[in-house]
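Q: I am new to this structure, and I would like to learn how to read it feature by feature. Could you take me through it?

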Amino acid sequence: MTVLPNKQGTLVSDTIRLENVALRYGEGPEVLHDVSIVIPQRSFYFLTGPSGAGKTSLMSLMYLARRPSRGRMKLFGEDVTGLKSDKAASFRRRLGVIFQDFRLLDHLSTFDNVALPLRIAGEQDSIITQNVSELLTWVGLEGLMEARPSTLSGGQQQRIAIARAVVNRPSLILADEPTGNVDDAIAIRLMQLFIEMHKLGSSVIIATHNESLVERFPFPRLHIEQGMVEALPAGATPSAITNGE
Ligand SMILES: Nc1ncnc2c1ncn2[C@@H]1O[C@H](COP(=O)(O)OP(=O)(O)OP(=O)(O)O)[C@@H](O)[C@H]1O
Ligand SMILES: [Mg+2]
């Protein structure tokens, strides 16, 4: 893969730091309580927990779609606790997000969806063509570059979303169930892509329900249960699972 200039800041100590962060939607109950975690630079975490536990909610704080209801949060070393929406763009340029519902642009082809972050960054056409083609080949979509996303399967759309999220070599990749719609062989190939991006300098957080994927790869995990987040080393089982809850 052609190496683009790394977007990592050089003076940043942690990728993400949350201190006693809570999140509620409107006047509803808190869905996350007192979350205190540090994601160091260049780390790789799984994010696990039952359906409705708050994985997507935690990620929405990390990609600045929401702000904490209380507590403090830093992203790339800067306090973003009360960040105004119009100030979020410079942070978002350093993020690669794979949404659980993909959010592809259907008026654009597969190729153009993946090329978009590079076009926004003002990259040269020759570099765009090379990088996008290589990535689409990696994810097995080389024959579908001109297709519109809505004409493709869920698993194919998911792979477009992954290629789009990583094409710009982001400092932080947030992947929400990125292998939820593909078979095991493709899931492992996609994991290898994330591992490759990690080796190139990105921090990666992957939300997943797939315990066999978590067992297969030696990365630590953040586990959410009843709004609380537990950080666990690779290979450790969350206490709620051990207790059979
Ligand atoms: N936009 C919203 N408005 C109100 N409540 C919400 C909203 N989004 C999520 N919630 C609530 O927050 C809680 C956590 O939801 P979230 O989507 O973060 O869970 P999840 O762990 O990502 O689940 P899944 O594994 O099914 O994707 C749930 O109780 C859900 O109902
Ligand atoms: Mg979710």
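This is a predicted model: local features need pLDDT of at least 70, side-chain atom pairs count only at pLDDT 80 or more; totals for chains, interfaces and linings use all residues.

Q: Which residues are around ligand 1?

A: A shell is read by listing its residues and then asking what kinds they are. Here the residues around ligand 1 are Y25, G28, V31, G49, S51, G52, A53, G54, K55, T56, S57 and Q100. By kind, they divide into three nonpolar, eight polar and one charged.

Q: Which helix gives the most to that shell?

A: That is helix α1, residues 55–62, which contributes three residues to the shell around ligand 1.

Q: Which residues of α4 are buried, and where do they lie around the helix?

A: The buried residues of α4 are I128, N131, V132, L135 and L136. Seen down the axis of α4, these buried residues fall within an arc of 125 degrees, so they line one face of the helix. What covers them includes α3 (110–120) and α5 (154–166). Just after α4, G140 takes a positive phi of about 80 degrees.

Q: How does the same reading go for helix α6, and which of its residues are buried?

A: Helix α6 covers residues 184–199, and at 1.5 Å a residue its 16 residues should span 22 Å, which agrees with the 22 Å between its end C-alpha atoms. Its buried residues are A187, L190, M191, F194 and M197. Seen down the axis of α6, they fall within an arc of 115 degrees, so they line one face of the helix. On the other side of α6, by contrast, A185, Q192 and K199 are exposed. The elements that cover the buried residues of α6 include α5, β7 (172–176), β8 (203–207) and α7 (211–216). Just after α6, G201 takes a positive phi of about 125 degrees.

Q: Which way do the residues of β7 point, and are they buried or exposed?

A: In a regular strand the side chains alternate between the two faces of the sheet. In β7, L172, L174 and D176 point one way while I173 and A175 point the other way, and all of them are buried. The strand is thus read as mostly covered, with five of its five residues buried.

Q: Which strands pair with β7, and in what sense?

A: Strand β6 (residues 95–98) pairs with β7 in the parallel sense over four bridges, and A175 in β7 is the bridge partner of I98. Strand β8 also runs parallel to β7, joined to β7 by five bridges, and there V204 is the bridge partner of I173.

How values were computed:
Residues are numbered from 1 along each chain as its sequence is written. Chains are lettered from A and ligands numbered from 1 in the order in which they are written. A residue is near a molecule or strand if its C-beta atom, placed from the backbone, lies within 6 Å of it. Helices (H or I, at least four residues) and strands (E, at least two) are DSSP runs, numbered from the N terminus. Ala, Val, Leu, Ile, Met, Phe, Trp, Tyr, Cys and Pro count as nonpolar, Asp, Glu, Lys and Arg as charged, and the others, Gly among them, as polar. A residue is buried if 20 or more other C-beta atoms lie within 10 Å of its own, exposed if 12 or fewer, and partly exposed in between; C-beta atoms are placed from the backbone. The arc is that of the directions from the helix axis to the C-beta atoms. Two residues are in contact if their C-beta atoms, placed from the backbone, lie within 7 Å. The expected span of a helix is 1.5 Å times one less than its number of residues. Two strands pair if DSSP finds at least two bridges between them.
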